[in-house]
Amino acid sequence: MADGVAAILVHVADTQAGLAWYQRAFPEAERRFLAAFDFAYLRIGAIDLEIVQADEKVASGAAGSVVYWAVADLDRALAHFEALGAHLYRGPMAIQERLWMCQVRDPWGNCIGLRGPRPGEGGVDNEAEL
(Lines give C-alpha, C1' and ligand atoms only; values in the text may rest on other atoms or scores of the structure.)
Protein backbone atom coordinates (compact mmCIF):
# COMPACT_ATOMS: atom_id res chain seq x y z
CA MET A 1 0.00 0.00 0.00
CA ALA A 2 2.56 2.62 1.09
CA ASP A 3 6.11 2.83 -0.18
CA GLY A 4 7.54 4.70 2.82
CA VAL A 5 7.54 8.23 4.16
CA ALA A 6 7.60 10.84 1.38
CA ALA A 7 7.32 14.13 3.27
CA ILE A 8 7.04 15.53 6.76
CA LEU A 9 5.25 18.86 7.20
CA VAL A 10 6.20 21.07 10.14
CA HIS A 11 3.80 23.91 10.85
CA VAL A 12 5.28 27.21 12.05
CA ALA A 13 4.16 30.83 12.38
CA ASP A 14 7.06 32.15 10.27
CA THR A 15 8.04 29.86 7.39
CA GLN A 16 11.27 31.68 6.51
CA ALA A 17 12.50 31.58 10.10
CA GLY A 18 11.37 27.96 10.36
CA LEU A 19 13.18 26.95 7.19
CA ALA A 20 16.37 28.64 8.39
CA TRP A 21 16.13 26.98 11.83
CA TYR A 22 15.53 23.51 10.40
CA GLN A 23 18.41 23.99 7.94
CA ARG A 24 20.69 24.57 10.94
CA ALA A 25 19.09 21.69 12.87
CA PHE A 26 19.68 19.29 9.98
CA PRO A 27 22.92 20.54 8.36
CA GLU A 28 23.04 17.49 6.08
CA ALA A 29 19.74 18.56 4.46
CA GLU A 30 19.77 19.79 0.89
CA ARG A 31 17.70 22.95 0.35
CA ARG A 32 15.47 22.72 -2.71
CA PHE A 33 13.16 25.18 -4.40
CA LEU A 34 10.01 24.68 -6.48
CA ALA A 35 9.79 27.84 -8.59
CA ALA A 36 6.27 27.05 -9.84
CA PHE A 37 5.02 27.22 -6.24
CA ASP A 38 7.58 29.69 -4.83
CA PHE A 39 8.27 27.03 -2.22
CA ALA A 40 11.54 26.04 -0.55
CA TYR A 41 11.94 22.81 1.39
CA LEU A 42 14.65 20.51 2.73
CA ARG A 43 15.55 17.06 1.42
CA ILE A 44 17.01 14.69 4.01
CA GLY A 45 17.87 11.38 2.38
CA ALA A 46 14.70 10.36 0.57
CA ILE A 47 12.38 12.47 2.76
CA ASP A 48 11.17 16.00 2.07
CA LEU A 49 10.99 18.16 5.19
CA GLU A 50 8.47 20.89 4.39
CA ILE A 51 8.20 23.91 6.66
CA VAL A 52 4.70 25.29 6.15
CA GLN A 53 2.48 28.02 7.53
CA ALA A 54 0.51 27.17 10.66
CA ASP A 55 -3.14 28.12 10.35
CA GLU A 56 -6.55 27.56 11.94
CA LYS A 57 -6.67 23.95 10.69
CA VAL A 58 -3.17 22.88 11.74
CA ALA A 59 -1.43 24.90 14.44
CA SER A 60 2.19 24.51 15.51
CA GLY A 61 2.93 22.76 18.76
CA ALA A 62 2.84 19.35 20.43
CA ALA A 63 -0.48 17.77 19.59
CA GLY A 64 -0.13 14.28 18.20
CA SER A 65 2.27 12.35 16.03
CA VAL A 66 6.01 12.74 16.53
CA VAL A 67 8.61 11.83 13.92
CA TYR A 68 11.71 10.20 15.40
CA TRP A 69 15.03 10.77 13.65
CA ALA A 70 17.71 8.09 13.91
CA VAL A 71 20.91 9.56 15.32
CA ALA A 72 24.36 8.04 15.85
CA ASP A 73 24.78 9.57 19.34
CA LEU A 74 21.69 10.68 21.24
CA ASP A 75 23.57 12.92 23.67
CA ARG A 76 25.42 14.72 20.87
CA ALA A 77 22.21 15.19 18.86
CA LEU A 78 20.37 16.48 21.93
CA ALA A 79 23.16 18.99 22.64
CA HIS A 80 23.05 20.13 18.99
CA PHE A 81 19.30 20.81 19.10
CA GLU A 82 19.51 22.51 22.50
CA ALA A 83 22.29 24.78 21.19
CA LEU A 84 19.83 25.93 18.49
CA GLY A 85 17.17 26.79 21.08
CA ALA A 86 15.19 23.54 21.23
CA HIS A 87 14.09 22.44 24.69
CA LEU A 88 14.05 18.91 26.05
CA TYR A 89 10.42 17.84 26.34
CA ARG A 90 10.55 14.11 27.22
CA GLY A 91 13.23 11.63 28.12
CA PRO A 92 15.81 10.50 27.48
CA MET A 93 14.53 7.01 28.18
CA ALA A 94 15.95 3.57 27.44
CA ILE A 95 14.06 1.59 24.80
CA GLN A 96 14.67 -1.63 22.92
CA GLU A 97 17.94 -2.89 21.40
CA ARG A 98 20.16 -0.73 23.67
CA LEU A 99 18.71 2.45 22.13
CA TRP A 100 17.44 5.59 23.80
CA MET A 101 14.86 8.16 22.78
CA CYS A 102 13.84 11.69 23.69
CA GLN A 103 11.75 14.54 22.35
CA VAL A 104 12.73 18.17 21.98
CA ARG A 105 10.49 21.09 21.07
CA ASP A 106 11.46 23.54 18.35
CA PRO A 107 10.96 27.31 18.82
CA TRP A 108 7.32 26.92 17.62
CA GLY A 109 6.52 24.14 20.08
CA ASN A 110 6.65 21.26 17.59
CA CYS A 111 8.08 17.98 18.87
CA ILE A 112 11.12 16.40 17.25
CA GLY A 113 11.94 12.84 18.28
CA LEU A 114 15.53 11.64 18.53
CA ARG A 115 16.38 7.96 18.74
CA GLY A 116 19.80 6.36 19.01
CA PRO A 117 22.52 4.98 21.26
CA ARG A 118 24.09 6.80 24.19
CA PRO A 119 27.77 5.88 24.31
CA GLY A 120 28.61 4.62 27.77
CA GLU A 121 24.96 4.01 28.68
CA GLY A 122 23.19 0.68 28.52
CA GLY A 123 19.74 0.23 27.15
CA VAL A 124 17.21 -2.55 27.09
CA ASP A 125 18.67 -5.66 25.44
CA ASN A 126 15.52 -7.58 24.59
CA GLU A 127 12.19 -6.55 23.23
CA ALA A 128 9.18 -7.52 25.32
CA GLU A 129 7.24 -10.44 23.96
CA LEU A 130 3.75 -9.61 22.85
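The model is predicted: local features need pLDDT of at least 70, side-chain atom pairs count only at pLDDT 80 or more, and totals for chains, interfaces and linings use all residues. Residues are numbered from 1 along each chain as its sequence is written, and side-chain values use heavy atoms, with hydrogens and water left out.

**Overall architecture**

- The chain contains 2 helices and 8 strands; helices (H or I, at least four residues) and strands (E, at least two) are DSSP runs, numbered from the N terminus.
- Read from the N terminus, the elements follow the order β-α-β-β-β-β-α-β-β-β.
- The C-alpha trace spans about 50 × 40 × 30 Å along its principal axes.
- Of the 130 residues in the chain, 35% are buried; buried means under 20% relative accessible area, exposed over 50%, and partly exposed in between (1.4 Å probe, protein chains only).
- The accessible surface of the chain is about 8100 Å², and 52% of this surface belongs to carbon and sulfur atoms. Accessible areas come from the Shrake-Rupley method with a 1.4 Å probe; for residues, only the protein chains shown count as cover.
- Among the contacts in the chain with a separation of 6 or more, 58% are between residues 24 or more positions apart; contact means heavy atoms within 4.5 Å.

- Strands of a sheet pair through backbone hydrogen bonds, either parallel or antiparallel.
- An open sheet of 4 strands has the order β5-β8-β7-β6, with mixed pairing; two strands pair if DSSP finds at least two bridges between them.
- The edge strands, β5 (68-70) and β6 (87-94), each pair on one side only.
- From one strand to the next, the twist averages 20°.
- Strand β7 (residues 100-105) and β8 run antiparallel and are joined by 6 bridges. M101 stands opposite R115 in β8.
- Helix α2 lies across β6, β7 and β8 and runs at about 155° to β8. Axes are lines fitted to C-alpha atoms, for helices over the stretch in contact, and angles run from 0 to 180 degrees between N-to-C directions.

**Salt bridges**

- Side chains of opposite charge can pair when their charged atoms come close.
- The whole structure holds 4 salt bridges; a salt bridge is a side-chain nitrogen of Lys or Arg within 4 Å of a carboxyl oxygen of Asp or Glu.
- One of them links the side chains of E30 and R32, at 3.2 Å from N to O. E30 is partly exposed at 41% relative accessible area, and R32 is also partly exposed, at 27%.
- Another joins R76 to D73, with the closest N and O atoms 3.8 Å apart. R76 is exposed, with a relative accessible area of 62%, whereas D73 counts as buried at 18%.

**The R118 site**

- R118 forms a salt bridge with D75, the closest N and O atoms being 2.8 Å apart. Because R118 lies in the segment after β8 (111-116) and D75 in helix α2 (residues 74-83), this pair ties together parts that are 43 residues apart in sequence.
- R118 is buried, at 17% relative accessibility, while D75 is partly exposed, at 30%.
- The side chains of R118 and D75 are also joined by a polar contact of 2.8 Å. A polar contact is a pair of N or O atoms within 3.5 Å; within protein, one must be able to donate a hydrogen and the other to accept it, and residues adjacent in sequence count only if both atoms are side-chain atoms.
- Leaving aside residues up to four places away in sequence, R118 touches L74, D75, P92 and W100.
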